[in-house]
Amino acid sequence: MRRPPSRLAGILLVVLWAFSATGLARMKTETTGAAVQPTTRTDFLRHPHDSKYYTESWTMILQSEEGHILYVNFMYSNIGVTSGRSAVSVNLTMPGGQGKPYGWEYDQDDYREDFDKNTLTIGPHALTLDGRTATFRVEGSELRLHGTLRGWNNGVKFHGGRICLDDGCKDFVQSFFHVPRGDFEADLSVAGQRLRLKGAGYLDHMVNTEMSSKWSSHWWTVRYFHKDYTVALLAFRPRKDYGSGTILRLLFADRNRVLALTDRFTLETDQEARDPSKKGHSYATRYRIEVPLPKGSLRGLFTGRRVHERDAVLERLPWAQRTIAQAVAGNPVIYRQEGTPDLVLVLDDDTEVHLSEGTALMESIVN
């Protein structure tokens with residue numbers, strides 16, 4: 001059963017902070033087996049949990065050749081006033097424009113799975129993963145999106161993908177890179193337009209058993225789709241009870257394989273800008289990285305040149321819901337930026353490759 005979009009904004013709060021991290025203090029990465037492991041068919045489907053803050057989400061990021069940017073999210077959650085919810089959302093930025101959110105909320109019973117086809121559906125919307133190829137269907141009255149994302153690489157996870165938030169790992173975050181990089185084609189219908197899009201894409205998946213705002217205060221990410229390489233950067237600042245310093249994860253891949261999935265690199269964030277809204281925050285616009293690779297290294301900068309989407313989820317809620325949500329989840333604001341990449345890849349024979357083509361998709365999320 002579909003619910004009003006304003007309620008969708010409320011349950012989406014828990015997704016904003018839900019990606020994985022290496023452990024400091026109470027946080028601890030489960031390190032069973034190799035650091036880079038293949039994902040399985042069962043990794044893709046839901047991992048049921050009885051925590052009242054349990055949320056599971058599947059996020060696809062698409063960047064067209066013309067400059068469209070889409071964040072597509074499927075979600076199942078135990079969080080709700082009387083029961084849990086499921087939902088689908090799309091954040092769409094037209095070339096050179098500002099992002100606009102679309103969303104549809106449903107009951108938990110509207111989430112279904114087909115184990116044979118490796119498909120999940122929420123209402124009329126569907127997402128399937130067949131090997132390294134994802135197909136997707138979003139069927140909203142305001143927006144329709146049908147397409148295919150064909151992966152360059154097989155899916156991977158860092159060890160088992162799980163990060164413990166307490167000593168016994170009762171609460172945890174688990175993550176999977178199902179399509180580290182791929183090429184997509186899609187038909188988009190929105191605002192009276194019918195568009196045929198193609199470009200680069202990515203698909204990940206997260207399981208979270210605790211409100212992410214409880215254990216983290218900042219989130220920095222990059223997805224950079226170079227014509228021959230991919231960088232997926234994720235970094236978090238834990239709250240004091242959960243550790244100190246920045247928590248890191250970086251995936252680096254070429255067209256043939258994942259070259260590194262690591263937590264052993266350095267990240268500096270600076271050149272902060274101030275949100276013009278009094279309800280907003282200061283956010284970083286430059287990320288500097290230095291990454292030792294199994295063969296060679298990667299270093300350089302991602303510099304934001306414009307915020308293409310400011311998504312203050314609470315500001316989309318009615319007053320009463322906003323007041324309740326602030327008491328639980330704070331005031332998270334997502335600043336999505338189009339960024340300029342300036343990287344140097346050093347190969348094992350000391351050859352340097354300059355990676356500066358295209359636009360890096362940067363996020364700075366502050367609570």
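In which sense do strand 8 and strand 9 pair, and over how many bridges? Strand 8 (residues 119-122) and strand 9 are antiparallel partners joined over 4 bridges. Strands here are DSSP runs of E with at least two residues, helices are runs of H or I with at least four, and both are numbered from the N terminus; two strands pair if DSSP finds at least two bridges between them.

## Basis of the model

This is a predicted model, in which local features need pLDDT of at least 70 and side-chain atom pairs count only at pLDDT 80 or more, while totals for chains, interfaces and linings use all residues. Residues are numbered from 1 along each chain as its sequence is written, and side-chain values use heavy atoms, with hydrogens and water left out.

## The chain as a whole

The protein chain contains 4 helices and 25 strands. Of its 367 residues, 58% are buried, a term that means under 20% relative accessible area, with exposed over 50% and partly exposed in between (1.4 Å probe, protein chains only). Among contacts (heavy atoms within 4.5 Å) between residues at least 6 apart in sequence, 63% join residues at least 24 apart.

Leu120 faces Leu127 of strand 9. The two strands form a hairpin with 2 residues between them, and Gly123 in the turn has a positive phi of about 60 degrees.

Strand 9 also pairs with strand 10 (residues 133-139), in the antiparallel sense and over 5 bridges. Ala126 has Arg137 in strand 10 as its bridge partner. This hairpin too has 2 residues between its strands, and Gly131 takes a positive phi near 65 degrees. Strand 9 (residues 125-130) is largely enclosed by the rest of the structure, because 5 of its 6 residues are buried.

## Nonpolar cores

A nonpolar core is a set of buried Ala, Val, Leu, Ile, Met, Phe, Trp, Tyr and Cys residues joined through side-chain atoms within 4.5 Å. The largest has 39 residues, of which Leu143, Leu145 and Leu203 touch the most other members. Strand 14 (residues 172-190) gives the most to this core, with 7 residues. Another core, of 26 residues, lies apart from it and includes Leu165, Phe177, Tyr242 and Leu361.

Beyond its neighbours within four places in sequence, Leu203 is in contact with residues including Leu127, Leu129, Ala134 and Phe176.

## Disulfide

The model has 1 disulfide, defined as a pair of cysteine sulfur atoms within 2.5 Å. The bond joins Cys164 to Cys169, with an S to S distance of 2.1 Å. The link is left-handed, with -85 degrees about the S-S bond, and both cysteines are buried.
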